[in-house]
Amino acid sequence: MPGMEDKPMEARYEFRVFGAELGNLHSALRSAFALAGESSREDIYLLGNSAAHMFKLRGGTALDLKCLVERRGAFQRWSPAGLVDLPASGRELADMFGGQGAAPSFDAGRMYDPRAVIAAFTDNGHCAVRVAKRRWQYEATCGKAEFAILTIGQSGTTDTVALEGQDADALEELRIRLGLKRYGNSSYFQFLTGEAPSSWQASW
């Protein structure tokens, strides 16, 4: 199936797990739902001190921020808070992201390409972690289910399974049906800063 493009994000509930061997969960998704698409993409996560602010270079070409706005049961609700294609002026970046999640100070008179944005964040104390993703997405009745194989930094490899949608109660029913109740919810921030081996957080 051809690669797919992400739909514009809106606030949604998410449940995500990471692990080296989640192929059985991928099989469960494949059996239960129709494949909506496959895609590959490389993101660079810009990890600071706030678990509620997730900065990343989406596809290496746009600075993206989403914020944790609610916790409900096992789910986290994330909302889009800004997306700017690069290169962009420092003024545009400051207008969009200034004051959010310890974002760096951008020089209003300067143009920022992806490398310059990464340097601004790392100079501000953030850690830049490259994550290459091969993803399979499935259309569930209550939203989207995803399985992905991740290559983190230069050497780390793991799987991830995620459920995403607007109806937390329906997603909880799906979580139980897929046998995910025994897993804890972990965002990319939580995984990359706390659960993944520190050696994976190599320079981008």
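Q: Buried means under 20% relative accessible area, exposed means over 50%, and partly exposed is what falls in between (1.4 Å probe, protein chains only). How do you know whether Glu14 is buried or exposed?
A: Glu14 has a relative accessible area of 8%. The cut-off for buried is under 20%, so Glu14 is buried.

Q: What kind of model is this, and what goes into the values?
A: This is a predicted model, where local features need pLDDT of at least 70 and side-chain atom pairs count only at pLDDT 80 or more, while totals for chains, interfaces and linings use all residues. Residues are numbered from 1 along each chain as its sequence is written, and side-chain values use heavy atoms, with hydrogens and water left out.

Q: Why is the contact between Glu14 and Arg12 called a salt bridge?
A: A salt bridge needs a side-chain nitrogen of Lys or Arg within 4 Å of a carboxyl oxygen of Asp or Glu. Glu14 and Arg12 come to 3.1 Å, N to O, so the pair qualifies. Arg12 is buried too, at 18% relative accessibility.

Q: How many salt bridges turn up in the whole structure?
A: The search finds 15. Another one of them joins Lys56 and Asp43 at 3.7 Å, N to O. Lys56 lies in strand 3 (residues 53-58) and Asp43 in strand 2 (residues 34-47), so this pair ties together parts 13 residues apart in sequence. Strands (E, at least two residues) and helices (H or I, at least four) are DSSP runs, numbered from the N terminus.

Q: What makes the Lys144 and Glu164 pair a link between parts of the chain?
A: The closest N and O atoms of Lys144 and Glu164 are 3.2 Å apart, in a salt bridge. Lys144 sits in strand 9 (residues 143-152) and Glu164 in strand 10 (residues 156-165), so the pair ties together parts 20 residues apart in sequence. Both are buried. Shared partners then join Arg12, Glu14, Arg16, Lys66, Arg135, Lys144, Glu146 and Glu164 into one salt-bridge network.

Q: How do you know that strand 9 and strand 10 pair?
A: Pairing takes at least two bridges found by DSSP. Strand 9 and strand 10 have nine, in the antiparallel sense, with Ile149 opposite Asp159 in strand 10. The two strands form a hairpin with three residues between them, and Gly153 in the turn has a positive phi of about 60°. Strand 1 (residues 12-19) also runs antiparallel to strand 10, with seven bridges; Glu14 has Glu164 as its bridge partner there.

Q: Why is strand 10 described as largely enclosed?
A: Nine of its 10 residues are buried, so the rest of the structure largely encloses strand 10. Thr160 is found in this strand, and its 0% relative accessibility counts as buried.

Q: What makes the link between Thr160 and Arg16 a polar contact?
A: A polar contact is a pair of N or O atoms within 3.5 Å; within protein, one must be able to donate a hydrogen and the other to accept it, and residues adjacent in sequence count only if both atoms are side-chain atoms. The side chains of Thr160 and Arg16 are joined by such a contact of 3.0 Å.
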